[in-house]
Amino acid sequence: MDHHGDSGERAQFHSMEEGTQEDWAIIARDYVGFAAGLPDRVLAHLRLLDGDFGGFPIDRLTHSLQTATRAHRDGRPESYVVMALLHDIGDTLGSYNHPEIAAAILQPFVSEEEHWICRNHGAFQGYYYFHYLGIDRNVREKHRDNPHFDACAEFCAKYDQAAFDPAYDTLPLDFFEPMVRRVLARPRSETSILAMETTAAKAGVPA
């Protein structure tokens with residue numbers, strides 16, 4: 001496994017209260033390199049969905065690509081398309097809460113609305129099948145008063161629930177990889193940017 005940012009140097013403390021300026025300079029320097037490798041790790045994890053059908057007409061990677069393809073062809077911005085691409089990336093580790101996994105990864109890099117769509121798409125997608133499983137298909141109604149309700153309903157209606165067509169001209173992952181790298185290159189929030197720049201400055205490397 002390629003460990004981005006691992007300089008080979010190690011802090012010397014056994015508990016954090018023993019840490020020194022030199023220890024944290026090592027950690028900060030390695031963190032900057034590690035954070036830069038996030039797109040590679042995300043893409044590698046997304047590829048784990050390849051060949052995983054779970055009974056669906058297409059595998060989970062193709063579904064993710066098709067969702068992103070439909071959003072891209074509908075003129076959505078890159079951050080939205082990347083959200084569409086990664087919306088089910090949590091399937092492998094979050095079998096009971098996969099939307100929250102994807103949303104946590106994306107939160108620093110997408111808009112508030114895009115994050116909300118990702119985090120809540122499971123309840124909205126359920127409108128199309130929950131009733132076949134003995135579950136209330138209208139569970140999404142608990143979010144009716146949220147300002148992002150319509151946007152999430154639209155995401156599922158136009159892109160997510162529609163993206164199970166084996167005959168659809170789905171774009172390959174290579175097409176979306178540059179978008180993923182651009183969107184995940186730098187967080188949007190001022191707090192995250194400040195933390196990144198402060199860490200980089202203390203490590204003596206460019207942010």
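## Overall architecture

Among contacts in the protein chain (contact meaning heavy atoms within 4.5 Å) between residues at least 6 apart in sequence, 63% join residues at least 24 apart. The structure is a predicted model, in which local features need pLDDT of at least 70 and side-chain atom pairs count only at pLDDT 80 or more, while totals for chains, interfaces and linings use all residues. Residues are numbered from 1 along each chain as its sequence is written, and side-chain values use heavy atoms, with hydrogens and water left out.

The protein chain has nine helices and zero strands, where helices (H or I, at least four residues) and strands (E, at least two) are DSSP runs numbered from the N terminus. Of the 207 residues in the protein chain, 40% are buried, a term that stands for under 20% relative accessible area, with exposed being over 50% and partly exposed in between (1.4 Å probe, protein chains only).

## Helices α4 and α6

Two packed helices are described by the angle between their axes and the distance between the axes. Axes are lines fitted to C-alpha atoms, for helices over the stretch in contact, and angles run from 0 to 180 degrees between N-to-C directions. Helix α4 (residues 78-86) packs with helix α6 (residues 112-125) at an angle of about 10°, and their axes are 10 Å apart. That angle makes α4 roughly parallel to α6, since angles under 35 degrees count as roughly parallel, over 145 as roughly antiparallel, 65 to 115 as roughly perpendicular and the rest as oblique.

On the α4 side the contact is made by S79, Y80 and M83, and on the α6 side by E114, I117 and C118. By class, this contact of α4 with α6 has four nonpolar, one polar and one charged residues, where Ala, Val, Leu, Ile, Met, Phe, Trp, Tyr, Cys and Pro count as nonpolar, Asp, Glu, Lys and Arg as charged, and the others, Gly among them, as polar.

## Helices α5 and α6

Helix α5 (residues 98-106) packs with α6 at an angle of about 165°, with their axes 7 Å apart, and α5 and α6 are therefore roughly antiparallel to each other. The contact is made by H98, P99, E100, A102, A103 and L106 of α5 together with H115, C118, R119, H121 and G122 of α6; by class, it has five nonpolar, four polar and two charged residues.

## The buried side of α5

Within α5, the residues H98, P99, A102, A103 and L106 are buried. They cover an arc of only 130° around the axis, which puts them on the same side of α5; the arc is that of the directions from the helix axis to the C-beta atoms. These buried residues of α5 pack against α4 and α6.
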